[in-house]
Amino acid sequence: MIKAWQWLQQLIGEHSASFGSIIPPNDHKALSNQQPVRRLRPSAGDELILPLQQHRGDKPKLNVRPGDYVYKGQMLAHADTANSAKNTRCVPLHASTSGTITTIADRPIAHPSGLNDTCVILQADGLDQYGADGLMPALANYTELDSACLRQRIRDAGIVGLGGAVFPAAIKLAVNPQRPVDTLIINGAECEPYITCDDVLMRDKAAEILAGAQIMLHILQADDDPAADSITRRCLLGVEANKPQAISSLRAALAPLDDPRLEVVVVPTQYPAGGEKQLIHALTGKEVPTGGRPADKGIICHNVATARAIYRAVVLGEPLISRYVTLTGAGVAQPGNVDVPLGLRVGALLGATPPDAQLIMGGPMMGLTLHSAQIPVVKATNCILVNPLSAKPAALPCIRCGQCAQHCPAGLLPQQLYWYAQARDFAKAERHALFDCIECGCCAYVCPSHIPLVDYYRFAKAEIQSQRTAKAKAEHARKRHDFHQERLERAQRERTERLAKHKQKAQSHNSGQQQDAIQAALARAKAKKAQQQLQAKASTRNDQEPTA
Amino acid sequence: MNVTPPTAPYLRQANQSVDGLMRQVIYALLPGTLVMLWYFGWGIVTNLVMGIGFALLLEASMLRLRAKALSLFLQDYSVVVTAWLLALALPAFAPWWLLLIAMVFAVVIAKHLYGGLGQNPFNPAMVGYAAVLVSFPLEMTRWVAPLDLSFMHISLSESLQAVGATLNQTRWDAITLATPLDTVKTALFSGHTLPLSEAQHLLSAAGLSTEMINLAFLAGGLWLWYRRVISWHIPLALLLALTLSAAVFWLWDAQHYPSPLFHLLSGGTMLTAFFIATDPVSASTTPVGKLLYAAGIGLFTYLIRTWGAYPDAFAFAVIIMNMAVPLLDAYTRPRVYGH
Ligand code: SF4
Ligand code: SF4
């Protein structure tokens, strides 16, 4: 009965079993996944630009100064451990090659605001050499270590989510003991057109990815109270069906491991199959509750490149200083994947680009337009897409065709959100679950009126956030004012109470003597007053002295 | 190049545009239009040419008045589709002033006074149709008898004469004919049983022509569905609701109530189901909302056809359900992921 109902809902298109998606007719992946990976190493004199903050969280603290010589893998900035609460969202930064720190300055970074941020500028000496303390000690026997120690290593290696979210990986692996994680998902879907860096990584480094997954499983296991541990853990590697070579190489690497916990699962090719929530739904049928995290459902999700980085950090002691980047698009002379040290300028990867080209960091659905080729490759950079710049078609009014809603993977009504955002009716937009929008761009992709829908959602979200901040600030100010006011009142009250008490005390203790004294004083005052009117005030003060 | 800094997504679905959609609707209208040409000849040509001409003029002047980009909006073809549908819905050989009045109601009142493309709560073509139907019931119910290869029987000059006729001029009454729907209704009202048997109905000259026309629109509509310009929700729910309500009464009393098949293939059933009710602007947008919206149209059509004062009922049924759309949309919001 329930089955029939679900089937009916699915048939009607009520999002219950299937959420929307798009299937672009050409994924443009063959453009870059046919060539072997090129390994780029900085030559002497190359300038590497290393933004201090390449992750979501707080800035690390600098360890170096201009003029310092650094070895490859040396820590340039450390996670601030003085303030442990803040420290949790911070990862260190390492030198991606050996050379000299020339300056520490603000440089353009890949950010929608186009603003500059603090960067360490490292001039390579071309030796690309590890120093004595360049590599961390290898922890090949990691199964004997506890999870806290391994998480510390993952943080020390500067590892963040390499799928693009750049969230510190160690934090994701720290699980609430009340809600143990039973499913680890390794995301190899790579659903966005053009991008192939995960595809070739899975082909070339399948064994390292699987080893990374095993380390993560160990971390999740070790967190448990051994007595209470009755959950069976599994790891699902989700790969889109359009990557047969990656799938077979993962399966080939899996066979000799003989680890029943690991399984490669093929998911249908559609965008955004690799969205965290979408992949979780495809692999487990579970939905992450709105505002919650996958861990609430006993799931955590890491990208394949993150898994590999974890393997290298734990077993080889290597920090995260390079990554695979896809160079692709009609404007790239030599498309393909490159293994790049972080900090190399995008322009240096591409060589000559056509003058009218548009530089995009990321894919064609969610990528960010770069305003300059001087912007460096960072931990979040999975792809550089160069296509001829084309004018956007003029937008027509929404014709309510509902195409957007049909393709929205979050099950939203994008046309309504657009309407509310345009009318600045943010409360309604929020009620229509604006913050469940993952900005995947499916709606704008299909919209026949060519409305830049996602721009409106970004605008509305930013407005709501700034309103919230302003409100919080105002609230804070109000509280402070109230507190200040109350403190003044209290001080006043206490003083009057104290005065009253003193008065009482003085009166009750020696009322007789005092009375005489007052009488005498009064008499004196009278006499004085008679003598000299001007001294009246002073004499009054004298009178009061005994009582005060 | 002067372009605003582009933002994600940079990729757009190829050939996905309002004018592309509208053009496909026009292609899908061609089979039905051709069959109508076969039966009504110049009467359809004059309807289409004058109707679309008027509509374009009105659209252009409204755009000018509202200071909108003429080229951008005239190219979206939406007004052509509106005019085309309305021209086909009006009786063939409709006089010019009838067409003009209908187009004024459709384009000026129903569309632009509500804010233009995408803003109209009511289906413009149906507003135009309903307006002239209540104002000029006589002109609206007189259909020229369908003739095979009509071009050969009624010449262009004769047609132009008819089209140029003023309100009180008589127009070739000799060859006008009540539509099958009309015949049935007259019989029902006068308490008679159906004048012709079911089979006779389906095979009579008038019967055959409407069936052919409906089948041709069905074919065009299925192509639209195949091209994913429309979803299946609205046509299916509409036809199902009409069939079911017709079936109930037909099974109860076949002497007085025609069969579901008759209803499916009479009047503007297929044109409405696939082309008019599916107008995205004035229809519900959620899946369940669409089903309810279309079922409502089917039901109201049956009720008005059977007991209302007008021969065909789609215009009123569509307008009634247009009014329910905001409510339907609000109560049938699909579930959001994770809620
Ligand atoms: S796809 Fe575009 S035109 Fe269609 S309903 Fe959504 S926003 Fe409106
Ligand atoms: S960008 Fe947001 S509203 Fe648009 S399809 Fe993606 S999740 Fe839905």
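Chain A is divided into domain 1 (20-388) and domain 2 (396-528). This is a predicted model. Chain A and chain B bury about 4500 Å² between them.

**Domains of chain A**

- The C-alpha centres of domain 1 and domain 2 of chain A lie 39 Å apart.
- Contact between these domains takes 12 residues of domain 1 of chain A and 12 residues of domain 2 of chain A.
- They bury about 950 Å², and carbon and sulfur atoms give 59% of that area.
- On the domain 1 side, A:Gly20, A:Ile22 and A:Met365 lose the most area to domain 2 of chain A. Together these three residues account for 40% of what that side buries.
- Between domain 1 and domain 2 of chain A, the rule finds zero salt bridges.
- Four residue pairs are in polar contact between domain 1 and domain 2 of chain A, both residues being at pLDDT 80 or more.
- The side of domain 1 of chain A that touches domain 2 of chain A has seven nonpolar, four polar and one charged residues.

**Domains of chain B**

- B:Gln24, B:Asn123 and B:Met126 supply 20% of the area that domain 1 of chain B buries against domain 2 of chain B.
- Zero salt bridges are found by the rule across the interface of domain 1 and domain 2 of chain B.
- The count of residue pairs in polar contact between domain 1 and domain 2 of chain B is three, both residues at pLDDT 80 or more.

**Chain A against chain B**

- 62 residues of chain A are in contact with 42 residues of chain B.
- Of the area buried between chain A and chain B, carbon and sulfur atoms give 59%.
- The rule finds two salt bridges across this interface. B:Arg335 forms a salt bridge with A:Glu287, and their closest N and O atoms are 2.9 Å apart.
- Between chain A and chain B, 23 residue pairs are in polar contact, both residues at pLDDT 80 or more.
- Several elements of chain A each supply at least two residues of the side that touches chain B, including helix 1 (2-12), strand 15 (357-361) and helix 15 (453-509).
- That side of chain A has 34 nonpolar, 17 polar and 11 charged residues.

**Ligands**

- Among the residues surrounding ligand 1 are A:Cys398, A:Cys401, A:Cys404 and A:Cys447. A:Arg400 and A:Gln415 also belong to this group.
- The shell around ligand 1 has seven nonpolar, four polar and one charged residues.
- Ligand 2 is surrounded by 13 residues. The closest are A:Cys408, A:Cys437, A:Cys440, A:Gly441 and A:Cys443.
- Helix 14 and helix 15 of chain A each supply at least two residues of the shell around ligand 2.
- By class, the shell around ligand 2 has 11 nonpolar, one polar and one charged residues.

Terms used:
Residues numbered from 1 in each chain as written. Chains lettered and ligands numbered in written order. Predicted model: local features only at pLDDT ≥ 70, side-chain atom pairs only at ≥ 80, totals over all residues. Heavy atoms only, no water. Contact = heavy atoms within 4.5 Å. Buried area = accessible area lost by both parts, 1.4 Å probe. Salt bridge = Lys/Arg side-chain N within 4 Å of Asp/Glu carboxyl O. Polar contact = N/O pair within 3.5 Å; in protein donor to acceptor, adjacent residues only side chain to side chain. Helix = DSSP H or I, 4+ residues; strand = E, 2+ residues; numbered from the N terminus. Nonpolar A, V, L, I, M, F, W, Y, C, P; charged D, E, K, R; others polar. Near = heavy atom within 4 Å. Domains from an automatic or database assignment.
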